[in-house]
Amino acid sequence: MTSAYRQAVADALSAVDGVTGYPKRPSVPKAGDAWPLVGSLDHAIGSHFMVSWRVVVVLPQQGEEAAMDFFDGAYAEIVDALLPVGFVTRIEPFALPINNGQLMAVEFTMNEQG
């Protein structure tokens, strides 16, 4: 769980058309922005922990149909792009809180590879 790993996730996300990966949440997230967050750390063997990550991808905000169209066209490519750095175990929509409301987003839950 390092800044180098966060950057590797951001680089993987940026390989997807319409997605811009960041190692941390941008100050003003917009459609296509994506970044990793630590989901949980589960105790493994000895002093090691298995890290579960949440990868947030902001969807277009021009209505539900635009958000669904983007998601339908991008989710498989995002999963494939993340494969070198993490194994996606779950994908679900959620509302991302921002200062003046919320943004439609989707969250990819993945386990760290390697």
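Trainee: Which residue stands opposite Leu96 in S5?

Mentor: In this predicted model, Leu103 of S5 is the residue across from Leu96.

Trainee: What makes S4 and S5 a pair?

Mentor: Two strands count as paired if at least two bridges are found between them. S4 and S5 have twelve, in the antiparallel sense, so they meet the criterion.

Trainee: How do you know that S1 and S2 pair, and in which sense do they run?

Mentor: Two bridges join S1, residues 20-21, to S2, residues 33-43. The cut-off is at least two, so this counts as a pair. The two strands run parallel, and Gly21 stands opposite Ala34 in S2.

Trainee: How many bridges link S2 and S3?

Mentor: Nine, and these strands are antiparallel, with S3 covering residues 49-58. One of the facing positions is His43 with Phe49 in S3; another is Trp35 with Val56 in S3. The hairpin of S2 and S3 has five residues between the strands, and Gly46 takes a positive phi near 60 degrees there.

Trainee: What joins S3 to S5?

Mentor: Seven bridges, again with the strands antiparallel. Val56 is opposite Glu107 in S5, and Val56 of S3 is also the residue that Trp35 faces.

Trainee: Why is the pairing of the sheet called mixed?

Mentor: Strands of a sheet can pair either parallel or antiparallel. Here S1 and S2 are parallel, while S2 and S3 are antiparallel. The five strands form an open sheet in the order S1-S2-S3-S5-S4, with mixed pairing.

Trainee: What makes S1 and S4 edge strands?

Mentor: S1 and S4 each have a single partner strand, so one side of each has no neighbour in the sheet.

Trainee: Why is S3 called mostly covered?

Mentor: A residue is buried when its relative accessible area is under 20%. Seven of the ten residues of S3 are buried. For the protein chain as a whole, buried residues make up 37% of the 114 residues.

Trainee: In what order do the elements of the protein chain run from the N terminus?

Mentor: The order is α-β-β-β-α-β-β, which comes to two helices and five strands.

Trainee: What does the radius of gyration say about the protein chain?

Mentor: For 114 residues, a compact globule would have a value near 13 Å; the protein chain has 14 Å, so the two agree. Along its principal axes, the C-alpha trace spans about 50 × 30 × 20 Å.

Trainee: What share of the contacts join residues at least 24 apart?

Mentor: The share is 50%, taken among contacts between residues at least 6 apart in sequence.

Trainee: Which residues lie nearest the centre of the largest pocket?

Mentor: They are Leu59, Ala67, Pro93, Phe94 and Ala105, out of 13 lining residues. S4 has the largest share, with five residues. The volume of the pocket is about 160 Å³.

Trainee: How many residues of the lining are nonpolar, polar or charged?

Mentor: Eleven are nonpolar, none is polar and two are charged.

Note on methods: Residues numbered from 1 in each chain as written. Predicted model: local features only at pLDDT ≥ 70, side-chain atom pairs only at ≥ 80, totals over all residues. Heavy atoms only, no water. 1 Å grid on protein atoms, 1.4 Å probe; cavity = no way out; pocket = protein on both sides within 12 Å on 5 of 7 lines; lining within 4 Å. Points joined across faces, edges and corners; volume = space filled by probe spheres on them. Helix = DSSP H or I, 4+ residues; strand = E, 2+ residues; numbered from the N terminus. Nonpolar A, V, L, I, M, F, W, Y, C, P; charged D, E, K, R; others polar. Rg over C-alpha atoms; globule rule 2.2 N^0.38 Å. Buried < 20%, exposed > 50% of the residue type's maximum accessible area, 1.4 Å probe, protein only. Contact = heavy atoms within 4.5 Å.
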